[in-house]
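Visitor: Please show me how to read the features of a structure, one at a time.

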Amino acid sequence: MRQDFFPQIPLEALLAALQSTTDDETRFSILLQLGVVADPRAVEPLTGVLEDENSLIRAGAAWALGQIGHPNAISALIKALEDDSEDVQEAVTTALAKIGEPAIGALISGLSTSNWYVRANVAAVLGEIATVNCVDALLLALKDSSPYTRAGAADALGVIGDARTVPAMLKALEDDNPDVRGRTAQALGFAAQQPDVIDALLVTAQDELPVVKIGAILSLAIAHDERAEPVVLDALMHEDATVVATSCLALQWMDPIPDAVPLLLTLLGHPDEWVRHNAIQTLGTYADEQAVPALLGCLKTEDVPELLEAIVIALGASGSKDAKPPLKRYLKKADPELTVLIHGALLQLGDDKALSDLTEAIRSTEPSIRSQAVWALEQTKDPRAVKPLIGALLDNEPDIRADAAGALGILKAESAVSALINLVKNDEVPDVRQEATIALSQIGDKRCIPTLVHALQHDDNAAVRAEVAYALEVFAEERAYKPLMMALLDVDPLVREAAAYTLGVLHYVEAQQSLKALLSDSFVRVREAATKALDQLET
């Protein structure tokens, strides 16, 4: 949230108003302003507000304390983990995670409290902080008497991704609580390519309890092991709809399995909407023409908007000219958003008139229509889509600007480089700058290098800086090396990881000593990136 969003009001006046007013809407607004100002002097009065009778006000105070990020708030925030409001718990968890490493010691102490509710929330926060300093405490929490704490610890260990935790997590697959087994199975996704982990997940996937089976299937889907294929295919026929829907999704993460198509076609008549939606979506990713007749049948019978959208997208991806006449006929009864998707599908299928329809839609007064038009133009992969997409970079909706930037990157639109550079320099929304950065790396035009180097050094958003560090890999320019070296010292682990990765890919030997220093970084992913980079420098 930008600081200039609110008028400048002295801190003393804000704190006085917070104490004197009884109007909750006004108090909440003051809390937002205190978070934006982020003055440590507000910590003490804000900790008192954590005991307010209104849960919205308590959540606002927790948010503000997180924005300030001062260690003096830690003890009060940990106590607030006992709050019975989910909104407050979420705000407190986020606040403690933002404070980060200074909170770890107090949080670990919180794992010893007699209140299982607090212990479970503490495990969640440690997962948000996600440093190796949390690992030993979380391994103990994995043996906690409360299944909620054990499950939270498994989640957290999965986020941290430290290989040392694998033996204990494999043991947790035998837990007597199904939720713990399921969440542990999913958490093991970070190690899903290890032979012993794959073996254990294959066994766990035979568990008939849906929550356990789902966790194992999701991890097996990213294992890239052919032994997972029959397990996922078998799960498509499971009696539980959630297992079936999840298995459809898992197929989208795996290499195509031809035997899946007939099974997916049978699911088009499944009574559960989520199953039908995921089956349709997966058939779309397979782009198999044998699915077209069944999808056209669904176009006649389905009336759920989300399912109709998935059907149209799948038909466009199929490449089958047989789909054009039915899609054109359906235009007569389609709502405006579905109409845009149909035009996109028709353009994919070779109907050139649909381009003008999409160009008109991208100028609609309705943001939802413009958004669908941007997405549809991206899917067509048609070079003629570039011009309207460049226009969409000026949209007043940041999501649309971000999507348009992403589409231009996929289209490798060199004519968009100047406009994308402008977004990286000037757009106020980090997501837009991030998407523009990715697009510039996909296009690969060296004109953007000075802008990217400046963003790596000065952008105030860590995700943007990290994306820039990855993007600079494409250019292999000497002028990027020193900024990347400096990025190894960035306060955010995302940036350090990205810089280490890129320096390794670029074989920048002078980075060797700096990379060795990252081998003791608090974050596992940074250590792993540094290790891999050093290996690359030695080959």
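Guide: Helices (H or I, at least four residues) and strands (E, at least two) are DSSP runs, numbered from the N terminus. By that numbering, S522 sits in the loop between α33 (512-517) and α34 (524-537). The model is predicted, with local features needing pLDDT of at least 70 and side-chain atom pairs pLDDT 80 or more, while totals for chains, interfaces and linings use all residues. Residues are numbered from 1 along each chain as its sequence is written, and side-chain values use heavy atoms, with hydrogens and water left out.

Visitor: Does S522 count as buried or exposed?

Guide: Buried means under 20% relative accessible area, exposed over 50%, partly exposed in between (1.4 Å probe, protein chains only). S522 has 18% relative accessibility, so it counts as buried.

Visitor: Which residues is S522 in contact with?

Guide: Contact means heavy atoms within 4.5 Å. Apart from neighbours within four places in sequence, S522 is in contact with E101, T131, V132 and N133. With E101 there is also a polar contact, side chain to side chain, at 3.3 Å. A polar contact is a pair of N or O atoms within 3.5 Å; within protein, one must be able to donate a hydrogen and the other to accept it, and residues adjacent in sequence count only if both atoms are side-chain atoms.

Visitor: Where is the place of D395, and which side chain does a polar contact join to that of D395?

Guide: D395 is in the loop between α25 (386-392) and α26. Its side chain and that of R370 are joined by a polar contact of 2.5 Å. The D395 side chain also reaches the backbone nitrogen of E397 at 2.8 Å. At 11% relative accessibility, D395 counts as buried. Beyond four places in sequence, D395 touches R370, I400 and R401.

Visitor: Which helix is A404 found in?

Guide: A404 belongs to helix α26 (residues 398-410). A404 is buried, with a relative accessible area of 0%, and touches V374, L389, A392 and L393, residues up to four places away in sequence not being counted. I390 is 14 residues from A404 in sequence, and their C-alpha atoms are 7.2 Å apart.

Visitor: How many residues of α22 are buried?

Guide: 10 of its 13 residues are buried, so α22 is largely enclosed by the rest of the structure. Among them are L338, V340, H343 and L347. The buried residues of α22 pack against α20 (305-318), α21 (324-330), α23 (353-361) and α24 (367-380). At the start of α22, a side-chain oxygen of D335 comes to within 3.1 Å of the backbone nitrogen of E337. Just after α22, G350 has a positive phi of about 100 degrees.

Visitor: At what angle do α28 and α30 pack?

Guide: Axes are lines fitted to C-alpha atoms, for helices over the stretch in contact, and angles run from 0 to 180 degrees between N-to-C directions. Helix α28 (residues 430-443) and helix α30 (residues 462-471) pack at about 5 degrees, with axes 9 Å apart. They are therefore roughly parallel (under 35 degrees; over 145 is roughly antiparallel, 65 to 115 roughly perpendicular, the rest oblique). The residues making the contact include R433, T437 and I438 of α28 and V464, E467 and V468 of α30.

Visitor: How far apart are the axes of α30 and helix α32?

Guide: The axes of α30 and helix α32 (residues 493-505) are 8 Å apart, at an angle of about 5 degrees. Therefore α30 and α32 are also roughly parallel to each other. Their contact includes R465, A469 and Y470 of α30 and L494, A498 and Y501 of α32.
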